[in-house]
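Look at the model below. This report walks through some strands, a helix and the aromatic rings.

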Amino acid sequence: MAHYERSIKLAFDKITGEVLDADEVFKKTKDAFVVRRKFHNNELDLYCCECEQKLNISTSKNDRLHFKHNSNADYCILKDGKLTPEQIDLFNKILYSKESPRHKELKQKIGDKLLYVDGVEKDSIAIDNRFILKEDGKRKPDVYCKYKGNELVFEIQLSTLSLSYILSRYEFYKRHGIYLIWILDDFDLHDQKQLERDIKYLTQYENFFKLDENEKEFRLHCDYKYPFLTDDNQLLTKWLTKPVTLKDLNFDNNCYQVYYFNFALKKEKEEEYQKRIFDAIEKEKLKNVERSRRNNANIKSHLIVEEIKGLKNDKIQSYHSAYKLIYELDEYQRDVLNEKLRLKGLNKIHYPLHKWIEKATKDHNEFISFLLNCTVLEFDLNEVDQEGYTVFQKVILNNELHNNTLIKGLLKRNYELVKRDELTYFQWLESNPDITNNWLLYSFCNRLKSKYLVDDVFKHYVLLCIIESAKCNEIIGFNYKKTEWIAFANNAIQYHKEYWEYIELAFKHYGLWETIIPLDKKGTFQKKLEQFYSAIPPQHFDVDSVFEDLYPELME
(Lines give C-alpha, C1' and ligand atoms only; values in the text may rest on other atoms or scores of the structure.)
Protein backbone atom coordinates (compact mmCIF):
# COMPACT_ATOMS: atom_id res chain seq x y z
CA MET A 1 0.00 0.00 0.00
CA ALA A 2 2.80 2.42 0.90
CA HIS A 3 4.20 2.10 -2.61
CA TYR A 4 1.03 3.47 -4.14
CA GLU A 5 0.47 6.05 -1.40
CA ARG A 6 3.82 7.58 -2.19
CA SER A 7 2.44 8.32 -5.61
CA ILE A 8 -0.06 10.88 -4.21
CA LYS A 9 1.66 13.94 -5.55
CA LEU A 10 -0.83 16.68 -4.69
CA ALA A 11 -2.11 17.80 -1.31
CA PHE A 12 -4.28 20.86 -0.71
CA ASP A 13 -3.30 23.01 2.32
CA LYS A 14 -6.43 24.68 3.67
CA ILE A 15 -4.38 27.06 5.85
CA THR A 16 -2.44 28.65 3.01
CA GLY A 17 -4.85 27.73 0.21
CA GLU A 18 -1.95 26.26 -1.75
CA VAL A 19 -1.54 22.93 -3.51
CA LEU A 20 1.62 21.18 -2.46
CA ASP A 21 3.52 19.03 -4.97
CA ALA A 22 5.18 16.05 -3.28
CA ASP A 23 7.94 16.00 -5.89
CA GLU A 24 8.89 19.53 -4.88
CA VAL A 25 8.43 19.58 -1.10
CA PHE A 26 10.08 16.20 -0.50
CA LYS A 27 12.86 16.58 -3.08
CA LYS A 28 15.53 17.34 -0.46
CA THR A 29 15.59 15.33 2.74
CA LYS A 30 16.36 18.33 4.89
CA ASP A 31 13.51 20.42 3.46
CA ALA A 32 11.19 17.39 3.65
CA PHE A 33 11.58 17.07 7.40
CA VAL A 34 11.00 20.80 7.80
CA VAL A 35 7.65 20.33 6.08
CA ARG A 36 6.90 17.27 8.24
CA ARG A 37 7.63 19.31 11.40
CA LYS A 38 5.26 22.06 10.23
CA PHE A 39 2.54 19.44 9.63
CA HIS A 40 2.86 18.07 13.17
CA ASN A 41 2.89 21.63 14.58
CA ASN A 42 -0.51 22.10 12.84
CA GLU A 43 0.97 24.72 10.55
CA LEU A 44 -0.28 22.65 7.57
CA ASP A 45 -3.83 21.25 7.09
CA LEU A 46 -3.53 18.78 4.19
CA TYR A 47 -6.33 17.21 2.11
CA CYS A 48 -6.49 14.86 -0.92
CA CYS A 49 -7.24 16.77 -4.11
CA GLU A 50 -9.34 13.84 -5.37
CA CYS A 51 -11.48 12.82 -2.38
CA GLU A 52 -10.88 15.83 -0.07
CA GLN A 53 -10.15 13.60 2.92
CA LYS A 54 -7.41 14.51 5.32
CA LEU A 55 -3.84 13.48 4.51
CA ASN A 56 -0.86 13.14 6.73
CA ILE A 57 2.85 13.05 6.02
CA SER A 58 4.31 9.63 6.58
CA THR A 59 7.80 8.21 6.38
CA SER A 60 9.25 4.91 5.23
CA LYS A 61 12.15 2.88 6.57
CA ASN A 62 14.45 4.72 4.16
CA ASP A 63 13.36 8.09 5.54
CA ARG A 64 11.34 8.82 2.35
CA LEU A 65 8.44 11.12 3.12
CA HIS A 66 5.12 10.99 1.23
CA PHE A 67 1.49 12.06 1.47
CA LYS A 68 -0.82 9.38 2.80
CA HIS A 69 -4.50 8.91 3.66
CA ASN A 70 -5.38 8.28 7.25
CA SER A 71 -5.92 4.60 8.03
CA ASN A 72 -9.66 5.10 8.65
CA ALA A 73 -10.22 7.10 5.45
CA ASP A 74 -13.13 6.24 3.15
CA TYR A 75 -12.69 4.98 -0.41
CA CYS A 76 -10.47 6.97 -2.76
CA ILE A 77 -9.26 5.77 -6.13
CA LEU A 78 -5.74 6.82 -5.10
CA LYS A 79 -5.97 4.77 -1.94
CA ASP A 80 -7.28 1.39 -3.14
CA GLY A 81 -3.98 0.28 -4.68
CA LYS A 82 -5.49 -0.91 -7.97
CA LEU A 83 -3.92 1.68 -10.28
CA THR A 84 -0.77 0.93 -12.24
CA PRO A 85 2.12 3.41 -12.07
CA GLU A 86 1.22 4.71 -15.52
CA GLN A 87 -2.42 5.19 -14.54
CA ILE A 88 -1.39 6.95 -11.35
CA ASP A 89 0.80 9.28 -13.36
CA LEU A 90 -2.08 10.14 -15.69
CA PHE A 91 -4.41 10.58 -12.74
CA ASN A 92 -2.07 13.02 -11.11
CA LYS A 93 -1.89 14.99 -14.36
CA ILE A 94 -5.67 15.20 -14.29
CA LEU A 95 -5.55 16.53 -10.74
CA TYR A 96 -2.99 19.11 -11.83
CA SER A 97 -5.28 20.23 -14.63
CA LYS A 98 -8.27 20.44 -12.25
CA GLU A 99 -6.38 22.99 -10.25
CA SER A 100 -5.40 25.01 -13.30
CA PRO A 101 -6.85 28.53 -13.69
CA ARG A 102 -8.55 27.52 -16.97
CA HIS A 103 -10.24 24.51 -15.40
CA LYS A 104 -11.49 26.59 -12.47
CA GLU A 105 -12.70 29.28 -14.86
CA LEU A 106 -14.76 26.85 -16.92
CA LYS A 107 -16.30 25.21 -13.86
CA GLN A 108 -17.37 28.56 -12.51
CA LYS A 109 -18.80 29.72 -15.84
CA ILE A 110 -20.84 26.54 -16.27
CA GLY A 111 -22.23 26.83 -12.74
CA ASP A 112 -23.02 30.52 -13.15
CA LYS A 113 -24.76 30.05 -16.50
CA LEU A 114 -26.89 27.17 -15.22
CA LEU A 115 -28.55 29.64 -12.84
CA TYR A 116 -30.37 31.14 -15.84
CA VAL A 117 -31.65 27.83 -17.31
CA ASP A 118 -35.34 27.04 -16.95
CA GLY A 119 -35.75 23.60 -15.42
CA VAL A 120 -32.50 23.70 -13.46
CA GLU A 121 -33.00 23.58 -9.71
CA LYS A 122 -30.93 26.53 -8.58
CA ASP A 123 -30.21 25.07 -5.14
CA SER A 124 -28.88 21.87 -6.68
CA ILE A 125 -25.99 23.53 -8.55
CA ALA A 126 -22.65 22.46 -7.06
CA ILE A 127 -19.31 23.65 -8.46
CA ASP A 128 -16.57 21.20 -7.52
CA ASN A 129 -17.83 20.95 -3.95
CA ARG A 130 -20.23 18.02 -3.92
CA PHE A 131 -19.41 14.36 -3.62
CA ILE A 132 -21.80 11.80 -5.04
CA LEU A 133 -21.64 9.06 -2.46
CA LYS A 134 -22.69 5.53 -3.41
CA GLU A 135 -22.07 2.11 -1.97
CA ASP A 136 -19.48 1.33 -4.66
CA GLY A 137 -17.54 4.56 -4.25
CA LYS A 138 -17.81 8.29 -4.62
CA ARG A 139 -17.12 10.84 -7.31
CA LYS A 140 -16.83 14.62 -7.20
CA PRO A 141 -17.91 16.04 -10.57
CA ASP A 142 -16.71 19.41 -11.78
CA VAL A 143 -20.31 20.69 -11.87
CA TYR A 144 -23.51 19.06 -10.67
CA CYS A 145 -27.17 20.07 -11.01
CA LYS A 146 -30.68 18.74 -11.29
CA TYR A 147 -32.51 19.50 -14.53
CA LYS A 148 -36.20 18.62 -14.89
CA GLY A 149 -35.85 15.88 -12.30
CA ASN A 150 -32.69 14.44 -13.84
CA GLU A 151 -29.30 14.44 -12.15
CA LEU A 152 -26.73 15.96 -14.47
CA VAL A 153 -22.94 16.21 -14.11
CA PHE A 154 -20.33 18.02 -16.18
CA GLU A 155 -16.77 16.75 -16.44
CA ILE A 156 -14.28 19.21 -17.94
CA GLN A 157 -11.28 17.68 -19.65
CA LEU A 158 -8.29 19.80 -20.54
CA SER A 159 -5.58 17.15 -20.45
CA THR A 160 -5.06 13.63 -21.67
CA LEU A 161 -7.23 11.05 -19.91
CA SER A 162 -6.68 7.32 -19.83
CA LEU A 163 -9.48 5.19 -21.17
CA SER A 164 -9.74 3.48 -17.78
CA TYR A 165 -10.38 6.87 -16.13
CA ILE A 166 -13.01 7.78 -18.73
CA LEU A 167 -14.71 4.41 -18.34
CA SER A 168 -14.62 4.56 -14.53
CA ARG A 169 -16.49 7.90 -14.61
CA TYR A 170 -18.84 6.79 -17.36
CA GLU A 171 -19.74 3.47 -15.72
CA PHE A 172 -20.13 5.01 -12.23
CA TYR A 173 -22.60 7.66 -13.37
CA LYS A 174 -24.40 5.21 -15.67
CA ARG A 175 -24.91 2.69 -12.83
CA HIS A 176 -26.51 5.36 -10.70
CA GLY A 177 -28.71 6.98 -13.33
CA ILE A 178 -26.79 10.24 -13.57
CA TYR A 179 -26.41 11.90 -16.96
CA LEU A 180 -22.83 12.75 -17.89
CA ILE A 181 -21.71 15.55 -20.23
CA TRP A 182 -18.05 15.74 -21.16
CA ILE A 183 -16.91 19.33 -21.76
CA LEU A 184 -13.87 19.74 -24.01
CA ASP A 185 -12.01 22.96 -24.55
CA ASP A 186 -9.36 23.18 -27.21
CA PHE A 187 -9.32 20.36 -29.76
CA ASP A 188 -9.15 19.81 -33.52
CA LEU A 189 -12.11 17.92 -35.01
CA HIS A 190 -10.02 16.84 -37.96
CA ASP A 191 -7.03 15.76 -35.90
CA GLN A 192 -8.64 14.05 -32.94
CA LYS A 193 -6.38 12.73 -30.22
CA GLN A 194 -6.98 9.52 -28.34
CA LEU A 195 -8.91 11.38 -25.62
CA GLU A 196 -11.46 12.74 -28.10
CA ARG A 197 -11.83 9.38 -29.84
CA ASP A 198 -12.33 7.55 -26.53
CA ILE A 199 -15.07 9.97 -25.49
CA LYS A 200 -16.66 9.98 -28.94
CA TYR A 201 -16.98 6.20 -29.13
CA LEU A 202 -18.50 5.79 -25.68
CA THR A 203 -21.88 5.96 -27.39
CA GLN A 204 -23.35 5.71 -30.87
CA TYR A 205 -24.03 9.46 -31.03
CA GLU A 206 -20.48 10.79 -31.54
CA ASN A 207 -21.22 14.30 -30.23
CA PHE A 208 -18.64 16.70 -28.75
CA PHE A 209 -19.61 19.53 -26.41
CA LYS A 210 -17.80 22.79 -25.70
CA LEU A 211 -18.99 25.68 -23.53
CA ASP A 212 -20.14 28.80 -25.37
CA GLU A 213 -18.48 31.45 -23.22
CA ASN A 214 -19.89 34.41 -25.12
CA GLU A 215 -23.47 33.92 -23.98
CA LYS A 216 -24.77 34.89 -20.57
CA GLU A 217 -27.13 31.96 -20.43
CA PHE A 218 -25.95 28.40 -20.60
CA ARG A 219 -25.22 27.27 -24.13
CA LEU A 220 -22.96 24.63 -25.66
CA HIS A 221 -21.37 24.24 -29.03
CA CYS A 222 -22.15 20.72 -30.22
CA ASP A 223 -19.87 19.25 -32.88
CA TYR A 224 -21.49 16.22 -34.45
CA LYS A 225 -20.75 13.92 -37.33
CA TYR A 226 -23.38 14.09 -40.08
CA PRO A 227 -23.76 11.28 -42.66
CA PHE A 228 -25.01 12.19 -46.15
CA LEU A 229 -25.30 10.78 -49.64
CA THR A 230 -23.50 12.31 -52.59
CA ASP A 231 -25.03 12.70 -56.03
CA ASP A 232 -23.37 9.45 -57.05
CA ASN A 233 -24.87 7.64 -54.01
CA GLN A 234 -21.70 7.49 -51.93
CA LEU A 235 -22.18 7.62 -48.16
CA LEU A 236 -19.86 10.22 -46.61
CA THR A 237 -19.72 12.09 -43.32
CA LYS A 238 -18.92 15.66 -42.36
CA TRP A 239 -18.64 17.55 -39.09
CA LEU A 240 -21.22 20.20 -38.28
CA THR A 241 -21.47 22.61 -35.35
CA LYS A 242 -24.69 23.68 -33.68
CA PRO A 243 -25.23 25.95 -30.66
CA VAL A 244 -27.54 24.11 -28.26
CA THR A 245 -29.14 24.61 -24.87
CA LEU A 246 -30.20 21.93 -22.43
CA LYS A 247 -33.71 21.88 -23.88
CA ASP A 248 -32.22 21.04 -27.30
CA LEU A 249 -30.55 17.92 -25.95
CA ASN A 250 -31.87 14.37 -25.85
CA PHE A 251 -31.42 12.25 -22.75
CA ASP A 252 -30.62 8.58 -23.29
CA ASN A 253 -31.70 6.66 -20.19
CA ASN A 254 -29.88 3.51 -21.29
CA CYS A 255 -26.34 4.86 -21.31
CA TYR A 256 -27.15 8.08 -19.38
CA GLN A 257 -25.45 10.29 -21.92
CA VAL A 258 -26.96 13.32 -23.61
CA TYR A 259 -26.79 14.06 -27.31
CA TYR A 260 -28.04 16.55 -29.83
CA PHE A 261 -27.71 14.52 -33.03
CA ASN A 262 -28.12 10.74 -33.31
CA PHE A 263 -25.36 9.83 -35.71
CA ALA A 264 -26.01 6.07 -35.71
CA LEU A 265 -29.74 6.45 -36.40
CA LYS A 266 -29.16 8.94 -39.20
CA LYS A 267 -26.45 6.75 -40.69
CA GLU A 268 -28.76 3.75 -40.59
CA LYS A 269 -31.49 5.70 -42.40
CA GLU A 270 -29.01 6.98 -44.98
CA GLU A 271 -27.73 3.46 -45.52
CA GLU A 272 -31.30 2.24 -46.03
CA TYR A 273 -31.93 5.08 -48.47
CA GLN A 274 -28.61 4.39 -50.16
CA LYS A 275 -29.63 0.76 -50.58
CA ARG A 276 -33.00 1.76 -52.03
CA ILE A 277 -31.28 4.02 -54.52
CA PHE A 278 -28.72 1.34 -55.31
CA ASP A 279 -31.48 -1.24 -55.75
CA ALA A 280 -33.42 1.16 -57.97
CA ILE A 281 -30.32 1.82 -60.08
CA GLU A 282 -29.59 -1.90 -60.32
CA LYS A 283 -33.22 -2.57 -61.19
CA GLU A 284 -33.07 0.03 -63.94
CA LYS A 285 -29.82 -1.48 -65.19
CA LEU A 286 -31.48 -4.88 -65.26
CA LYS A 287 -34.43 -3.39 -67.11
CA ASN A 288 -32.06 -1.87 -69.66
CA VAL A 289 -30.24 -5.16 -70.01
CA GLU A 290 -33.58 -6.92 -70.36
CA ARG A 291 -34.73 -4.38 -72.96
CA SER A 292 -31.54 -4.85 -74.92
CA ARG A 293 -31.79 -8.60 -74.56
CA ARG A 294 -35.44 -8.51 -75.62
CA ASN A 295 -34.75 -6.26 -78.60
CA ASN A 296 -31.95 -8.52 -79.72
CA ALA A 297 -34.19 -11.59 -79.39
CA ASN A 298 -37.01 -9.81 -81.27
CA ILE A 299 -34.65 -8.92 -84.10
CA LYS A 300 -33.44 -12.51 -84.39
CA SER A 301 -36.99 -13.83 -84.18
CA HIS A 302 -38.09 -11.48 -86.94
CA LEU A 303 -35.22 -12.62 -89.17
CA ILE A 304 -36.12 -16.28 -88.58
CA VAL A 305 -39.82 -15.72 -89.29
CA GLU A 306 -38.95 -13.91 -92.53
CA GLU A 307 -36.52 -16.68 -93.46
CA ILE A 308 -39.19 -19.36 -92.92
CA LYS A 309 -41.77 -17.35 -94.87
CA GLY A 310 -39.33 -16.91 -97.73
CA LEU A 311 -38.46 -20.61 -97.86
CA LYS A 312 -42.16 -21.58 -97.75
CA ASN A 313 -43.27 -19.07 -100.40
CA ASP A 314 -40.38 -19.95 -102.70
CA LYS A 315 -41.12 -23.67 -102.23
CA ILE A 316 -37.52 -24.29 -101.25
CA GLN A 317 -36.89 -27.94 -100.37
CA SER A 318 -34.07 -27.32 -97.89
CA TYR A 319 -34.64 -25.56 -94.60
CA HIS A 320 -31.01 -25.80 -93.54
CA SER A 321 -30.67 -22.01 -93.21
CA ALA A 322 -33.72 -21.81 -90.91
CA TYR A 323 -32.47 -24.69 -88.75
CA LYS A 324 -29.11 -22.98 -88.43
CA LEU A 325 -30.61 -19.66 -87.31
CA ILE A 326 -32.91 -21.34 -84.79
CA TYR A 327 -30.38 -23.65 -83.19
CA GLU A 328 -27.96 -20.76 -82.70
CA LEU A 329 -30.48 -19.12 -80.35
CA ASP A 330 -30.03 -19.29 -76.59
CA GLU A 331 -32.88 -20.48 -74.34
CA TYR A 332 -34.26 -16.98 -73.76
CA GLN A 333 -34.23 -16.16 -77.49
CA ARG A 334 -36.04 -19.43 -78.22
CA ASP A 335 -38.77 -18.46 -75.76
CA VAL A 336 -39.16 -15.10 -77.49
CA LEU A 337 -39.32 -16.83 -80.89
CA ASN A 338 -42.13 -19.12 -79.74
CA GLU A 339 -43.89 -16.17 -78.17
CA LYS A 340 -43.69 -14.36 -81.48
CA LEU A 341 -44.80 -17.37 -83.56
CA ARG A 342 -47.74 -17.99 -81.19
CA LEU A 343 -48.03 -21.65 -82.21
CA LYS A 344 -48.87 -22.85 -78.71
CA GLY A 345 -51.41 -21.65 -76.20
CA LEU A 346 -53.55 -19.77 -78.71
CA ASN A 347 -57.28 -19.60 -78.26
CA LYS A 348 -59.08 -22.53 -79.85
CA ILE A 349 -59.96 -20.64 -83.04
CA HIS A 350 -56.60 -20.72 -84.80
CA TYR A 351 -55.01 -24.19 -84.75
CA PRO A 352 -52.21 -23.03 -87.11
CA LEU A 353 -50.55 -26.43 -87.54
CA HIS A 354 -53.85 -28.11 -88.40
CA LYS A 355 -54.58 -25.44 -91.03
CA TRP A 356 -51.09 -25.51 -92.55
CA ILE A 357 -51.28 -29.29 -92.93
CA GLU A 358 -54.79 -29.17 -94.31
CA LYS A 359 -53.88 -26.56 -96.96
CA ALA A 360 -50.43 -27.92 -97.77
CA THR A 361 -49.58 -29.01 -101.31
CA LYS A 362 -46.87 -31.42 -102.36
CA ASP A 363 -44.53 -28.41 -102.48
CA HIS A 364 -45.00 -27.88 -98.76
CA ASN A 365 -43.78 -31.28 -97.58
CA GLU A 366 -40.47 -29.81 -96.48
CA PHE A 367 -42.20 -26.93 -94.71
CA ILE A 368 -44.44 -29.25 -92.66
CA SER A 369 -41.52 -31.60 -92.03
CA PHE A 370 -39.45 -28.66 -90.82
CA LEU A 371 -42.19 -27.61 -88.40
CA LEU A 372 -42.44 -31.11 -86.93
CA ASN A 373 -38.73 -31.88 -86.79
CA CYS A 374 -37.55 -28.54 -85.41
CA THR A 375 -37.92 -29.36 -81.73
CA VAL A 376 -37.41 -25.72 -80.71
CA LEU A 377 -40.82 -24.81 -82.12
CA GLU A 378 -43.59 -25.46 -79.64
CA PHE A 379 -47.01 -26.81 -80.66
CA ASP A 380 -50.09 -28.23 -78.98
CA LEU A 381 -49.77 -31.38 -81.09
CA ASN A 382 -52.43 -33.37 -79.26
CA GLU A 383 -55.16 -30.76 -79.57
CA VAL A 384 -58.14 -31.34 -81.85
CA ASP A 385 -59.44 -28.51 -83.97
CA GLN A 386 -62.97 -27.10 -84.05
CA GLU A 387 -64.11 -29.89 -86.33
CA GLY A 388 -62.67 -32.56 -84.03
CA TYR A 389 -59.69 -33.50 -86.20
CA THR A 390 -56.30 -34.42 -84.83
CA VAL A 391 -53.04 -33.42 -86.51
CA PHE A 392 -52.52 -37.10 -87.43
CA GLN A 393 -55.88 -37.17 -89.22
CA LYS A 394 -55.01 -33.96 -91.08
CA VAL A 395 -51.79 -35.56 -92.34
CA ILE A 396 -53.52 -38.79 -93.45
CA LEU A 397 -56.36 -36.99 -95.19
CA ASN A 398 -54.00 -34.77 -97.23
CA ASN A 399 -52.89 -37.00 -100.11
CA GLU A 400 -50.43 -34.33 -101.24
CA LEU A 401 -48.15 -35.05 -98.27
CA HIS A 402 -45.60 -37.78 -97.65
CA ASN A 403 -47.54 -38.92 -94.65
CA ASN A 404 -45.15 -41.63 -93.39
CA THR A 405 -42.30 -39.14 -92.97
CA LEU A 406 -44.54 -36.52 -91.36
CA ILE A 407 -46.15 -39.03 -88.99
CA LYS A 408 -42.68 -40.10 -87.93
CA GLY A 409 -42.02 -36.43 -87.07
CA LEU A 410 -45.26 -36.26 -85.09
CA LEU A 411 -44.44 -39.36 -83.07
CA LYS A 412 -40.95 -38.08 -82.28
CA ARG A 413 -42.59 -34.92 -80.90
CA ASN A 414 -44.63 -36.93 -78.35
CA TYR A 415 -47.80 -37.09 -80.36
CA GLU A 416 -50.12 -39.71 -78.85
CA LEU A 417 -52.26 -41.82 -81.16
CA VAL A 418 -55.95 -41.99 -80.32
CA LYS A 419 -58.81 -44.26 -81.49
CA ARG A 420 -60.05 -41.78 -84.11
CA ASP A 421 -56.57 -41.81 -85.67
CA GLU A 422 -56.77 -45.60 -86.11
CA LEU A 423 -60.25 -45.44 -87.66
CA THR A 424 -59.22 -42.70 -90.07
CA TYR A 425 -56.04 -44.55 -91.01
CA PHE A 426 -57.77 -47.82 -91.87
CA GLN A 427 -60.51 -46.03 -93.80
CA TRP A 428 -57.79 -44.33 -95.76
CA LEU A 429 -56.07 -47.71 -96.41
CA GLU A 430 -59.29 -49.07 -97.85
CA SER A 431 -59.29 -46.23 -100.33
CA ASN A 432 -55.59 -46.78 -101.10
CA PRO A 433 -55.11 -50.59 -101.24
CA ASP A 434 -51.64 -50.28 -102.75
CA ILE A 435 -50.33 -48.45 -99.66
CA THR A 436 -48.40 -50.45 -97.06
CA ASN A 437 -50.10 -50.77 -93.68
CA ASN A 438 -47.81 -49.03 -91.19
CA TRP A 439 -50.18 -48.89 -88.26
CA LEU A 440 -48.20 -51.47 -86.31
CA LEU A 441 -45.05 -49.40 -86.88
CA TYR A 442 -46.81 -46.32 -85.57
CA SER A 443 -48.14 -48.32 -82.63
CA PHE A 444 -44.62 -49.38 -81.70
CA CYS A 445 -43.57 -45.72 -81.66
CA ASN A 446 -46.65 -44.77 -79.67
CA ARG A 447 -45.68 -47.30 -76.99
CA LEU A 448 -42.20 -45.85 -76.54
CA LYS A 449 -41.45 -44.12 -73.28
CA SER A 450 -38.42 -42.43 -74.87
CA LYS A 451 -39.54 -40.82 -78.11
CA TYR A 452 -35.99 -40.22 -79.28
CA LEU A 453 -35.99 -43.94 -80.16
CA VAL A 454 -38.60 -43.48 -82.92
CA ASP A 455 -35.88 -43.55 -85.59
CA ASP A 456 -34.63 -46.88 -84.22
CA VAL A 457 -38.15 -48.32 -84.35
CA PHE A 458 -38.46 -47.33 -88.01
CA LYS A 459 -35.04 -48.86 -88.70
CA HIS A 460 -35.72 -52.18 -86.93
CA TYR A 461 -39.40 -52.48 -87.64
CA VAL A 462 -39.22 -56.03 -89.12
CA LEU A 463 -37.14 -57.29 -86.20
CA LEU A 464 -39.69 -55.81 -83.80
CA CYS A 465 -42.49 -57.60 -85.69
CA ILE A 466 -40.67 -60.89 -85.05
CA ILE A 467 -40.40 -60.15 -81.33
CA GLU A 468 -43.99 -58.92 -81.14
CA SER A 469 -45.19 -62.09 -82.88
CA ALA A 470 -43.39 -64.21 -80.30
CA LYS A 471 -44.90 -62.14 -77.48
CA CYS A 472 -48.45 -62.32 -78.88
CA ASN A 473 -48.07 -65.95 -80.09
CA GLU A 474 -49.42 -64.70 -83.38
CA ILE A 475 -47.61 -63.91 -86.61
CA ILE A 476 -47.79 -60.14 -86.93
CA GLY A 477 -46.49 -57.92 -89.70
CA PHE A 478 -45.74 -60.76 -92.14
CA ASN A 479 -47.73 -62.43 -94.94
CA TYR A 480 -47.45 -65.87 -93.38
CA LYS A 481 -50.51 -67.79 -92.42
CA LYS A 482 -51.24 -68.16 -88.74
CA THR A 483 -49.89 -71.70 -88.66
CA GLU A 484 -46.71 -71.12 -90.67
CA TRP A 485 -44.45 -70.84 -87.63
CA ILE A 486 -41.61 -72.90 -89.20
CA ALA A 487 -41.46 -70.65 -92.26
CA PHE A 488 -41.60 -67.65 -89.91
CA ALA A 489 -38.73 -69.01 -87.78
CA ASN A 490 -36.63 -69.98 -90.82
CA ASN A 491 -37.04 -66.46 -92.18
CA ALA A 492 -35.99 -64.97 -88.87
CA ILE A 493 -32.76 -66.97 -88.54
CA GLN A 494 -32.00 -66.66 -92.26
CA TYR A 495 -32.38 -62.91 -92.67
CA HIS A 496 -31.85 -61.56 -89.15
CA LYS A 497 -28.97 -63.75 -87.95
CA GLU A 498 -27.04 -60.69 -86.66
CA TYR A 499 -29.85 -60.18 -84.11
CA TRP A 500 -30.44 -63.85 -83.38
CA GLU A 501 -29.52 -63.53 -79.71
CA TYR A 502 -32.50 -61.19 -79.25
CA ILE A 503 -34.82 -63.37 -81.34
CA GLU A 504 -33.91 -66.63 -79.59
CA LEU A 505 -34.24 -64.92 -76.24
CA ALA A 506 -37.76 -63.75 -77.17
CA PHE A 507 -38.77 -67.18 -78.57
CA LYS A 508 -37.72 -68.90 -75.38
CA HIS A 509 -39.01 -66.23 -72.98
CA TYR A 510 -42.49 -66.07 -74.51
CA GLY A 511 -42.74 -69.90 -75.01
CA LEU A 512 -42.65 -69.87 -78.81
CA TRP A 513 -39.64 -72.18 -78.76
CA GLU A 514 -41.78 -75.01 -77.38
CA THR A 515 -44.23 -74.41 -80.23
CA ILE A 516 -41.69 -74.33 -83.07
CA ILE A 517 -39.52 -77.37 -82.25
CA PRO A 518 -42.39 -79.95 -82.28
CA LEU A 519 -43.69 -78.43 -85.56
CA ASP A 520 -40.28 -78.78 -87.24
CA LYS A 521 -41.02 -82.27 -88.61
CA LYS A 522 -38.58 -81.92 -91.52
CA GLY A 523 -35.88 -80.39 -89.30
CA THR A 524 -35.39 -77.35 -91.55
CA PHE A 525 -35.34 -74.89 -88.67
CA GLN A 526 -33.07 -77.04 -86.52
CA LYS A 527 -30.69 -77.50 -89.43
CA LYS A 528 -30.45 -73.74 -89.88
CA LEU A 529 -29.93 -73.46 -86.14
CA GLU A 530 -27.01 -75.93 -86.29
CA GLN A 531 -25.47 -74.02 -89.19
CA PHE A 532 -25.82 -70.79 -87.20
CA TYR A 533 -24.04 -72.15 -84.13
CA SER A 534 -21.32 -73.77 -86.22
CA ALA A 535 -20.25 -70.36 -87.44
CA ILE A 536 -21.92 -67.67 -85.37
CA PRO A 537 -21.91 -64.37 -87.24
CA PRO A 538 -21.08 -61.13 -85.35
CA GLN A 539 -24.07 -60.01 -83.30
CA HIS A 540 -25.41 -56.46 -83.39
CA PHE A 541 -26.54 -54.75 -80.22
CA ASP A 542 -27.78 -51.41 -81.55
CA VAL A 543 -31.35 -52.33 -80.57
CA ASP A 544 -30.65 -52.58 -76.84
CA SER A 545 -32.32 -49.25 -76.00
CA VAL A 546 -35.45 -50.05 -78.03
CA PHE A 547 -35.73 -53.53 -76.53
CA GLU A 548 -35.30 -52.19 -73.00
CA ASP A 549 -38.03 -49.62 -73.67
CA LEU A 550 -40.61 -51.88 -75.44
CA TYR A 551 -39.74 -55.25 -73.91
CA PRO A 552 -38.15 -54.63 -70.53
CA GLU A 553 -39.00 -58.18 -69.44
CA LEU A 554 -36.46 -59.51 -71.99
CA MET A 555 -33.65 -57.42 -70.48
CA GLU A 556 -34.09 -58.59 -66.89
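Strand 12 (residues 207–211) is mostly covered, with 4 of its 5 residues buried. Buried means under 20% relative accessible area, exposed over 50%, and partly exposed in between (1.4 Å probe, protein chains only). Helices (H or I, at least four residues) and strands (E, at least two) are DSSP runs, numbered from the N terminus.

This is a predicted model: local features need pLDDT of at least 70, side-chain atom pairs count only at pLDDT 80 or more, and totals for chains, interfaces and linings use all residues. Residues are numbered from 1 along each chain as its sequence is written, and side-chain values use heavy atoms, leaving out hydrogens and water.

Two strands pair if DSSP finds at least two bridges between them. Leu-184 stands opposite Lys-210 in strand 12.

His-176 is in the loop between helix 6 (163–175) and strand 11 (179–184). Is His-176 buried or exposed? His-176 has 18% relative accessibility, so it counts as buried. Leaving aside residues up to four places away in sequence, His-176 touches Lys-134, Glu-135 and Asp-136. Contact means heavy atoms within 4.5 Å.

**Helix 8**

Helix 8 (residues 263–313) has 51 residues. From first C-alpha to last it reaches 73 Å, close to the 75 Å expected at 1.5 Å a residue. The expected span is 1.5 Å times one less than the number of residues. Buried residues of helix 8 include Phe-263, Glu-270 and Leu-311. Among the elements that the buried residues of helix 8 pack against are strand 13 (220–229) and helix 9 (320–327). Lys-315 follows helix 8 and has a positive phi, near 55 degrees.

**Aromatic rings**

The whole structure holds 37 aromatic pairs. Rings of Phe, Tyr and Trp (its six-membered ring) pair if their centres lie within 6.5 Å; planes under 30 degrees apart count as stacked, over 60 as edge-to-face and the rest as tilted. The rings of Phe-478 and Phe-488 have centres 5.5 Å apart and planes at 80 degrees, so this pair is edge-to-face. Both Phe-478 and Phe-488 are buried. They also belong to a cluster linked by ring pairs, including Trp-485 and Tyr-533.

Some rings have a charge over them. That requires NZ of Lys or CZ of Arg within 6 Å of the ring centre and within 35 degrees of the ring normal.

| Charged end | Ring | Distance from ring centre |
|---|---|---|
| Lys-238 | Phe-228 | 5.0 Å |
| Lys-312 | Phe-367 | 5.3 Å |
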